[in-house]
Amino acid sequence: MTHTVWILGDQLGPDNAALAGARKKDDVLFFVESERALRKLKYHQQRLVLLLSAQRHFAGKMRQAGWTVDYHTLARGVTWESALAAHVKKHRPEQILLTQPNNYNEQVAAEKLAKKFPLEMVPTRQFLVPRDEFIAWAKGKKSLVMETHYRRVRTEFEFLMEADGQPVGGQWNFDEENRKTFRDWVKAGRPRAEVRREKPDKITREVMALVAKEFAEHPGKAEDFWLPVDRAGARRWLEEFVATRLAGFGPWEDLMVEGEELLFHSVISPLINLGLLTPRECIEKALAVYDKGSAPLASVEGFVRQIAGWREFVNGVYWLKMPDYERVNGLDAQRPLPGFFYSGETEMNCLRQCVRQVVDTGFNHHIQRLMVLGNFLLLAGVRPQEALRWYLEMYVDAHDWVMAANVL
């Protein structure tokens, strides 16, 4: 029996559930670079480079490992359906396995394709908490509180937990220790850590040239791409963070300093959101550093909370509330998005710094995104859907599931 395993561009890791039962000698791996999907919005060039290069690297590694790969590269008019039809005509699979898409619109599209092709979806493993489990937990609650969910996840997975069921250090949250100011930073001697930028290989350079040509009108510059694009690079990136920046992450995680774009932040969100890293391995790496005494509890707990807390929570909220969620506008905000959000040309310095950074790199850390950009959009009365569109376009780690719940 011949099977096809369809692998989406954000399912490029060891926990892809559809790959679990696949057989190298019999089955075919199917990849699509859908022009329709890549042009859905005016995506930042570096985001497109990341998506395309990561997918091409993953497919190439699987091919080198002996898998049969059917890869449909970017071309005019290519869609999931057109590529799938060509694949079925050529390979005639009895079954096509697909891990559940991480985004609602993709899930709906896949369900429609399942009526035309022998497509079967299996539950995703890219999150610690399954969707159905979160929905069951949320059912009947008058309000949803991240902290409650976070404690439940930590208890279940025994992250930073004592044998008696109490949190390590006697408390769940060390936020008070993780709010050092610019003045504190100066007094401490202006500590900083270098974030090594990746050198693009041949595949990535080809993608950079492709994106610069085909998406020339999109924001950012493909030539400035700086991130890892495969699992080996992602794991090195994670190792470097826990070894050199995790200890300083906690105290300085809320800090903004002009000229210091990343400080002690991990910048693993683009990698974990593509599946190149798993949530569990990121947490376990941090816990191992804590066990060795190389990072303080407040820093490690703050990092664990970003993944086991916020990341899991916003994904659960997204699937609980979609599709109506994308239309919410509780304050009836109707202003259009200001044009300077694509240029940084404003006299407001904090906004100028944040916008110029995202135009240059496709990245801001969470304080810049929420406390500066998010607060401006809220106070200015910008329509939430326009704000969401901008976040989806501009960030290298942007996906509908994470941006909808965070922004709206």
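This is a predicted model: local features need pLDDT of at least 70, side-chain atom pairs count only at pLDDT 80 or more; totals for chains, interfaces and linings use all residues.
Residues are numbered from 1 along each chain as its sequence is written, and side-chain values use heavy atoms, with hydrogens and water left out.

Let's take the whole chain. The secondary structure comes to 17 helices and five strands. The C-alpha trace spans about 65 × 55 × 45 Å along its principal axes.

How much of the chain is buried? Buried residues make up 56% of the 408 residues. Buried means under 20% relative accessible area, exposed is over 50%, and partly exposed is in between, using a 1.4 Å probe and protein chains only.

Now the sheet. It's an open sheet of five strands, in the order E3-E2-E1-E4-E5, with parallel pairing. Two strands pair if DSSP finds at least two bridges between them. At the edges sit E3 (68-72) and E5 (119-122), each pairing on one side only. On average, neighbouring strands are turned by 25° against each other, direction ignored.

Zoom in on E1, residues 3-6. Four bridges join E1 to E4 (residues 95-99), and valine 5 has leucine 97 as its bridge partner there. Three bridges join E1 to E2 (residues 28-32). In E2, tryptophan 6 is partnered with phenylalanine 30, and threonine 4 stands opposite valine 28. Which way do the side chains go? His3 and Val5 point one way and Thr4 and Trp6 the other, and all are buried. In a regular strand, side chains alternate between the two faces of the sheet.

H3 (residues 80-91) lies across E1, E2, E3 and E4, running at about 155° to E2. H4 (residues 104-113) lies across E1, E4 and E5, at about 145° to E5. For angles, axes are lines fitted to C-alpha atoms, for helices over the stretch in contact, and the values run from 0 to 180 degrees between N-to-C directions.

Next, helix packing. The axes of H13 (residues 297-321) and H17 (residues 400-407) come within 8 Å and cross at roughly 90°. That makes H13 roughly perpendicular to H17. The cut-offs are under 35 degrees for roughly parallel, over 145 for roughly antiparallel, 65 to 115 for roughly perpendicular, and oblique for the rest. The residues of this contact divide into seven nonpolar, two polar and two charged. Here Ala, Val, Leu, Ile, Met, Phe, Trp, Tyr, Cys and Pro count as nonpolar, Asp, Glu, Lys and Arg as charged, and the others, Gly among them, as polar.

H13 also packs with H6 (residues 146-157), at an angle of about 110° and with the axes 9 Å apart. That makes H6 roughly perpendicular to H13. This contact has seven nonpolar, two polar and five charged residues.

What about H16, residues 384-394? Nine of its 11 residues are buried, so H16 is largely enclosed by the rest of the structure. Among the buried ones are Trp390, Tyr391 and Leu392. The cover includes H2 (45-64), H14 (349-361), H15 (366-379) and H17.

Last stop: valine 207, found in H8 (residues 202-214). Valine 207 is buried, with a relative accessible area of 0%. What does valine 207 contact, leaving aside its neighbours within four places in sequence? Val49, Leu52, Ser53 and Arg56. Contact means heavy atoms within 4.5 Å. Leucine 52 is 155 residues away along the chain, yet the two C-alpha atoms are separated by 6.8 Å.

Definitions and conventions. Helices (H or I, at least four residues) and strands (E, at least two) are DSSP runs, numbered from the N terminus.
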